[in-house]
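Here's a quick briefing on charged side-chain pairs. Have a look at the model first, then read on.

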Amino acid sequence: MTADETSPLLENGATPKNNKVAKVANVARVAGTIFGPANRILLAGFMMAFTLGITQVPIIYVFRLMECHVFYTHNPPFEGPGDRCHRREIDAGTAAQVSILGMSTSFSGVFNLFICGYFIKLWGPRWAFVSQTALLGLRVSTQVLGVTVGGRAGIIIFQACQAIGIVGGPRGFQLVLNTAVSELVAPKDRTATFGRLQGSIMLGTAFGFLLGGVLGDVYNIRRPFEVAFFLYVASTIYGALFLPTGTGNEATGQKPSGRGLGGFFAPIKVIVPHKYRLESGAIVKNYGLVFLALGIFLGVFASGYAPILLQMYATSEFNFSTTENGYLMFGNSAIRGIFLLLMFPKIISTGRVWFNGRTTPTGIKHPDPEAHIPINPEEFEADEGGEVPQEPIQPPEDEENSGTGFDLFFVRWSLIVDSMVTFFAGFSRNGWQVYLAGFTLPFASGSAPAAKGVMTELCPPNQRQDAISAITLVESTATLLTQGLFGIIFAAFAEIGQPSLTFFCNAGLAVFGFMVLFLAHLPPPNSKRIDEEDSETETETGS
């Protein structure tokens with residue numbers, strides 16, 4: 001065959017070799033995607049949440065048994081058919097103990113955020129994660145002892161050993177994983193990835209709830225805690241071998257936040273008003289992060305007790321066992337995890353296109369229309385110095401804040417959906433209605449990862465870890481208060497036989513959080529944030 005200008009320069013003999021190289025490259029690319037740092041972090045989140053979830057359902061049942069034992073040590077023995085522990089006094093005592101446990105867990109979690117954040121700055125994500133998993137394994141081993149002892153002594157062991165969570169706890173390992181993700185993911189995908197991480201954690205929690213309830217019923221109530229201990233050991237080994245060793249601050253040349261006492265309390269400094277310089281040169285103060293944090297606080301304060309409330313209400317009113325509560329929490333967490341893994345990223349991407357189509361993205365600095373990039377040879381100016389002229393390159397701008405407007409919009413309206421579902425859950429009169437409420441509530445989730453996205457996109461890159469710590473600190477503080485306050489409210493309503501009134505209190509607070517979030521405004525378009533250091537430098541220059 002006669003060769004022409006369309007004939008390949010290389011003969012077909014080289015094609016198989018090229019195909020092999022291409023196949024190897026494709027396999028390497030797929031393997032790099034599957035076993036990449038982001039997916040390894042997601043798997044770590046799944047494993048830890050799965051291990052934590054195994055003990056969550058049995059803990060409530062354990063406290064009910066221990067309170068039942070304490071009750072009958074001071075009262076006449078039970079006579080007649082039915083469940084000997086089905087009494088209002090025991091339900092109220094169980095609610096009080098669960099509330100104390102939740103308060104101590106959340107209280108230690110607040111301090112755990114500061115300590116774990118300090119560990120990240122000292123050791124990096126990998127060894128900070130290992131420290132959290134190892135200490136959680138130590139805590140669950142003390143819970144095995146508490147279940148074995150039982151009674152009042154068992155309750156004391158459970159409550160006292162929650163102090164281990166100050167140094168190593170669930171909030172700490174979530175902070176480690178969120179910090180690592182924030183440094184590995186492109187800004188436009190960061191909010192969606194926060195949701196995926198939260199979804200993997202919720203899926204792990206779902207399967208943990210299911211397995212914990214089944215283990216408690218099939219074997220004995222101590223077995224879930226024993227299984228959790230060995231899973232913590234496995235998670236510790238996995239973290240030591242496979243988690244990333246560092247974040248991207250060193251690679252990008254960013255100035256890391258301090259490691260001293262100021263760095264220890266750096267998350268608190270994030271949630272303050274910040275100054276912005278407008279295009280006109282005027283300086284304004286923006287309170288968006290303050291009201292965002294306050295709105296998230298109220299949202300978590302309203303809905304954070306919902307999973308425990310559903311279990312307590314179902315156990316008190318419909319005599320749910322550990323298996324039934326396990327199915328309830330499995331469905332709730334599984335639907336939440338699937339929603340965050342699959343639907344939430346689509347909602348964020350589609351919503352940003354819709355939102356940015358009707359309003360100008362906040363904070364995007366549009367390229368100058370007069371800045372023309374020459375593409376033809378005659379458009380390049382001659383260089384008189386004799387050097388080879390370089391082609392001017394205008395790198396694409398990093399539109400970090402292009403989706404912040406919709407993210408904030410999503411945070412607001414998710415609270416309304418949450419309040420509506422919680423309100424109607426208060427009218428549950430049958431067990432299937434509790435399941436329906438538990439399976440509908442997950443569709444109101446997503447406010448936490450969306451808030452993390454807003455917070456990190458409005459902060460400088462070197463403050464991302466502190467921003468995540470700040471929003472997690474707000475959530476932990478709200479969880480601390482809601483488990484304490486609403487635990488007391490539920491116990492009081494249970495005493496008068498009206499525990500469903502707690503749902504209406506939660507719904508009202510969610511609406512209040514929605515109104516507060518409308519006070520959170522993004523910085524003016526095309527404005528530039530002025531840090532304290534920059535302000536001090538300008539002051540010194542001016543003087």
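Which residue does Glu 226 form a salt bridge with, and how far apart are the closest N and O atoms? The partner is Arg 223, with the closest N and O atoms 3.0 Å apart. Bear in mind that this is a predicted model. Across the whole structure, a search turns up eight salt bridges.

**Within one helix**
- Glu 226 and Arg 223 both sit in helix H8 (residues 223-242), and because they are three residues apart, about one helical turn separates them.
- Glu 226 counts as partly exposed, at 22% relative accessibility.
- Arg 223 is partly exposed too, with a relative accessible area of 28%.

**Lys 121 and Asp 466**
- Lys 121 pairs up with Asp 466 in a salt bridge whose closest N and O atoms are 3.4 Å apart.
- This one links distant parts of the chain: Lys 121 is in helix H3 (residues 88-123) and Asp 466 is in helix H18 (residues 464-495), 345 residues apart.
- Lys 121 has 9% relative accessibility, so it counts as buried.
- Asp 466 comes in at 3% relative accessibility, so it counts as buried.

- Arg 171 forms a salt bridge with Glu 475, and here the closest N and O atoms are 3.9 Å apart.
- Arg 171 belongs to helix H6 (residues 170-184) and Glu 475 to helix H18, so the pair ties together parts 304 residues apart in sequence.
- Arg 171 and Glu 475 are both buried.
- Through salt bridges that share partners, Arg 171, Lys 452 and Glu 475 are joined into one network.

Definitions and conventions: Residues numbered from 1 in each chain as written. Predicted model: local features only at pLDDT ≥ 70, side-chain atom pairs only at ≥ 80, totals over all residues. Heavy atoms only, no water. Salt bridge = Lys/Arg side-chain N within 4 Å of Asp/Glu carboxyl O. Helix = DSSP H or I, 4+ residues; strand = E, 2+ residues; numbered from the N terminus. Buried < 20%, exposed > 50% of the residue type's maximum accessible area, 1.4 Å probe, protein only.
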